[in-house]
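Subject: Structure for your review

Dear colleague,

Please find below the structure that I am handing over to you. I would be grateful if you would read the notes under it with the model open.

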Amino acid sequence: MSDTILETRDLTKHYGGVHALEGADFVLKRGEHVAIMGDNGAGKSTFVRQITGVEQRTRGDIIFDGKPVHFAGPLEAREAGIETVFQTLALADDLDVPDNLFLGREKLRFKLGPFSILDYKGMREATLAGLEKTAVKIPNIRNTIRNMSGGQRQCVAIARTATFASKLTIMDEPTAALGVQETAQVENIIRTLKEQGESLILVSHNMRQVFDLVDRIVVFRRGRIVANLMKEDTDGQDVVAYITGAKTGAEYEGAA
Amino acid sequence: MAEASHGTGGLTFDKTKRQWPNEMNVFGALILIVAIFEGLGALIMGQSFLFDSNDRFDSIFNEARLKIIILQVAIIGIIALGVTQVIISGGIDLSSGSVVGATAMIAMSFAQVAEVNGNPNPKAVFGPAWMDLPILVPIMVGLLCGIFAGMINGLFVAYARIPPFIATLGMMVSARGVAKWWTSGQPISFPTESYAAIGKGMMPVIIFVVLAVLFHLVMKYTLYGKHTYAIGSNEDAARMSGINVARHKVLVYTIAGMLAGVSAIVLTSKNLTAQSGMGIIYELDAIAMAVIGGVSLAGGRGSIIGTVIGALIFGVIISGFTFLRLDAFYQEMVKGGIIVGAVVLDQWRQQRAARRA
Ligand SMILES: Nc1ncnc2c1ncn2[C@@H]1O[C@H](COP(=O)(O)OP(=O)(O)O)[C@@H](O)[C@H]1O
Ligand SMILES: [Mg+2]
């Protein structure tokens with residue numbers, strides 16, 4: 001088993017004339033937590049969408065868990081072991097917590113095509129176990145998530161990771177819309193994932209959060225990777241310089 | 001040490017924090033409306049609305065009126081079961097009334113007897129051919145008509161991405177055209193005895209109840225139901241979760257069409273005749289039943305149980321006005337008011353939900 005969980009080579013995505021992502025070479029080690037930073041429109045979400053099969057890449061390779069992969073859709077990526085918390089919350093407000101965790105991969109008691117019988121009990125138990133791991137506080141998991149706070153909803157989205165034995169978790173700005181306390185709750189879950197040896201890609205604008213949580217910072221600018229910084233070797237000012245374009249990493253010269 | 005950092009967490013699973021089911025509110029409304037009519041009855045008519053005030057029957061209820069209410073509700077209620085699923089999935093179906101009309105004509109034409117009182121059937125659609133067919137033939141033809149119409153609705157909505165309102169409006173006009181074209185507007189009568197048995201007596205009610213129970217279970221306990229709610233609640237989330245949204249929508253509209261077909265079979269059997277104008281504005285009655293029962297036009301919310309109670313409310317209001325001897329014209333006006341009122345109520349519920357979120 002190689003110690004690399006994810007590698008992308010020359011990963012590229014063009015939307016017509018828009019070069020949203022250009023030649024991204026990226027490596028993530030098992031158990032490593034990496035932050036992706038960059039200005040709005042830098043291509044961070046686009047990068048995430050190519051890895052998770054939400055969109056089909058223009059060019060390049062994705063090697064996940066030792067094998068080149070071509071996910072036709074997000075479900076295939078999830079089945080392979082990549083859990084994603086998307087920037088726009090992929091939750092159904094009118095369903096309860098277990099329904100949301102298991103949406104698209106429900107536990108079944110009896111298989112009968114679209115009329116397969118759901119295993120509610122199994123899903124509830126797995127949900128409780130998953131929430132226990134993340135220490136998410138939810139008054140009653142059988143309530144619809146419509147009336148839950150932003151933090152609780154985000155935690156539900158993140159709890160998917162803990163519920164399914166995933167190999168890689170990707171979070172796209174998970175705390176962008178949250179208050180201070182809710183942000184702290186999400187950060188606690190991320191620490192728990194670190195302790196459990198989960199690999200993580202965290203897209204974030206929050207410098208403090210990034211320096212608190214991750215091992216390494218990768219900076220995107222105008223669709224390209226412009227820096228790859230170990231946390232110990234850098235500081236906030238330095239990272240900002242890369243984000244704004246005042247600096248470019250030595251190995252990326254001429255790229256951007 | 002590591003545990004301390006999880007101070008804001010901690011799992012609770014509190015049974016007292018369960019949400020109050022919306023169906024209870026709808027049921028409360030039913031009780032309230034019955035009570036209002038009882039009050040008006042005592043005040044204006046000097047008799048009870050639903051209870052037996054004259055000791056004419058063995059039971060305490062006015063069985064005749066109860067029967068009329070549920071019979072009235074059953075046939076359109078069958079349509080409402082399908083409309084409920086369509087609305088929960090985030091769509092709308094305006095075609096069901098016309099599909100009832102077309103299916104009524106086509107199915108009935110396969111259910112005719114050869115001879116009426118010793119003479120050849122005067123209304124024979126295919127001349128002397130295809131008479132006295134086994135009951136399975138008109139039933140299958142009727143179901144297939146509904147399924148076909150519903151599937152076309154679904155394909156237009158899901159794959160051609162035509163807004164449901166427009167796609168099913170087109171079907172509403174076309175299916176009515178089919179109903180008129182089938183016999184150039186002539187009614188079809190004299191069904192076989194076995195066909196006439198389908199809608200005899202309380203059979204429509206039994207069929208409605210059986211279908212309601214079946215689809216309640218399907219919506220609550222199967223993948224189909226869960227995905228229908230998910231799509232209506234957040235279509236993008238459903239898609240991102242790997243649900244084949246387009247294929248699922250086709251299935252939902254197809255089932256709704258099939259239920260309109262069932263309704264047409266029961267209706268023609270009960271009336272012993274089929275006319276091209278059958279089912280006019282049934283779609284609106286069915287939508288009203290669903291919305292009164294708490295099905296949200298925004299999708300994602302509502303239930304079969306709610307719709308059944310909504311259908312009862314609808315029936316109680318209509319027969320309540322008959323009970324109060326209100327003129328038929330007033331009844332139609334009031335019915336229009338109920339439909340608009342139900343939608344206004346839904347809008348209000350949605351806004352309240354949005355404010356809380
Ligand atoms: N579906 C799309 N079609 C066309 N352009 C897009 C699409 N998605 C993203 N883009 C463009 O690609 C660039 C990168 O976007 P994105 O990856 O969302 O940036 P980030 O997440 O870093 O803020 C932006 O210029 C954006 O406008
Ligand atoms: Mg983004």
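This is a predicted model: local features need pLDDT of at least 70, side-chain atom pairs count only at pLDDT 80 or more; totals for chains, interfaces and linings use all residues.

**The six-stranded sheet of chain A**

Chain A has an open sheet of six strands, in the order E6-E9-E10-E3-E11-E12, and its pairing is mixed. At the edges stand strand E6 (82–85) and strand E12 (224–230) of chain A; each has a single partner strand, so one side of each is left without a neighbour in the sheet. From one strand to the next, the twist averages 15°.

Several of the pairings can be followed from strand to strand. E6(A) pairs with E9(A) in the parallel sense over four bridges, and the bridge partner of A:Thr84 in E9(A) is A:Ile170. E9(A) is in turn joined to E10(A) by five bridges, and these two strands run parallel. In that pairing, A:Asp172 has A:Val203 in E10(A) as its bridge partner. Further along the order, strand E3 (residues 33–38) and strand E11 (residues 216–221) of chain A are also paired in the parallel sense, over five bridges. Here A:Gly38 has A:Phe220 in E11(A) as its bridge partner.

E9(A) deserves a separate remark. Five of the five residues of E9(A) are buried, so this strand is largely enclosed by the rest of the structure. In a regular strand, side chains alternate between the two faces of the sheet. In E9(A), A:Leu168, A:Ile170 and A:Asp172 point one way while A:Thr169 and A:Met171 point the other way, and all are buried.

Helix H6 (residues 180–195) of chain A lies across E3, strand E9 (168–172) and strand E10 (199–203) of chain A, and runs at about 135° to E3(A). Helix H8 (residues 236–244) of chain A lies across E3, E11 and E12 of chain A, and runs at about 25° to E11(A).

**The four-stranded sheet of chain A**

An open sheet of four strands, with antiparallel pairing, has the order E2-E1-E4-E5 in chain A. Its edge strands are strand E2 (18–29) and strand E5 (67–68) of chain A, each of which pairs on one side only. Strand E1 (residues 4–15) and strand E4 (residues 59–64) of chain A run antiparallel and are joined by five bridges. Opposite A:Thr8 stands A:Ile62 in E4(A). Helix H1 (residues 44–51) of chain A packs on this sheet and touches E1, E2 and E4 of chain A, its direction making about 115° with that of E1(A).

**Helix pairs in chain B**

In chain B, helix H2 (residues 63–88) and helix H10 (residues 245–271) pack at an angle of about 170°, and their axes are 7 Å apart. Because angles over 145 degrees count as roughly antiparallel, H2(B) is roughly antiparallel to H10(B). Among the residues that meet are B:Leu71, B:Ile75, B:Ile78 and B:Gly82 from H2(B), and B:Val252, B:Ala256, B:Leu259 and B:Lys270 from H10(B). The residues of this contact divide into 15 nonpolar, three polar and one charged.

Helix H4 (residues 136–158) and helix H5 (residues 164–182) of chain B pack at an angle of about 150°, with their axes 9 Å apart. The crossing in which H4(B) passes H5(B) is right-handed. From H4(B), B:Ala149, B:Ile152, B:Asn153, B:Phe156 and B:Val157 meet B:Pro164, B:Ala167, B:Thr168 and B:Met171 of H5(B). Seven residues of this contact are nonpolar, two are polar and none is charged.

**Two single residues**

A:Asp93 is placed in the loop between E6 and helix H3 (97–101) of chain A. Its relative accessible area is 18%, and the cut-off for buried is under 20%, so A:Asp93 counts as buried. Leaving aside residues up to four places away in sequence, A:Asp93 touches A:Thr144, A:Ile145, A:Arg146, A:Arg153 and B:Ser233.

B:Leu136 is found in helix H4 of chain B. With a relative accessibility of 57%, B:Leu136 counts as exposed. B:Leu136 and B:Ser303 lie 167 residues apart in sequence and, C-alpha to C-alpha, 31 Å apart in space.

With kind regards

Conventions:
Residues are numbered from 1 along each chain as its sequence is written. Chains are lettered from A and ligands numbered from 1 in the order in which they are written. Side-chain values use heavy atoms; hydrogens and water are left out. Axes are lines fitted to C-alpha atoms, for helices over the stretch in contact, and angles run from 0 to 180 degrees between N-to-C directions. Angles under 35 degrees count as roughly parallel, over 145 as roughly antiparallel, 65 to 115 as roughly perpendicular and the rest as oblique. Contact means heavy atoms within 4.5 Å. Ala, Val, Leu, Ile, Met, Phe, Trp, Tyr, Cys and Pro count as nonpolar, Asp, Glu, Lys and Arg as charged, and the others, Gly among them, as polar. Two strands pair if DSSP finds at least two bridges between them. A crossing is left-handed if the near helix is turned anticlockwise from the far one by less than a right angle, and right-handed if clockwise. Buried means under 20% relative accessible area, exposed over 50%, partly exposed in between (1.4 Å probe, protein chains only).
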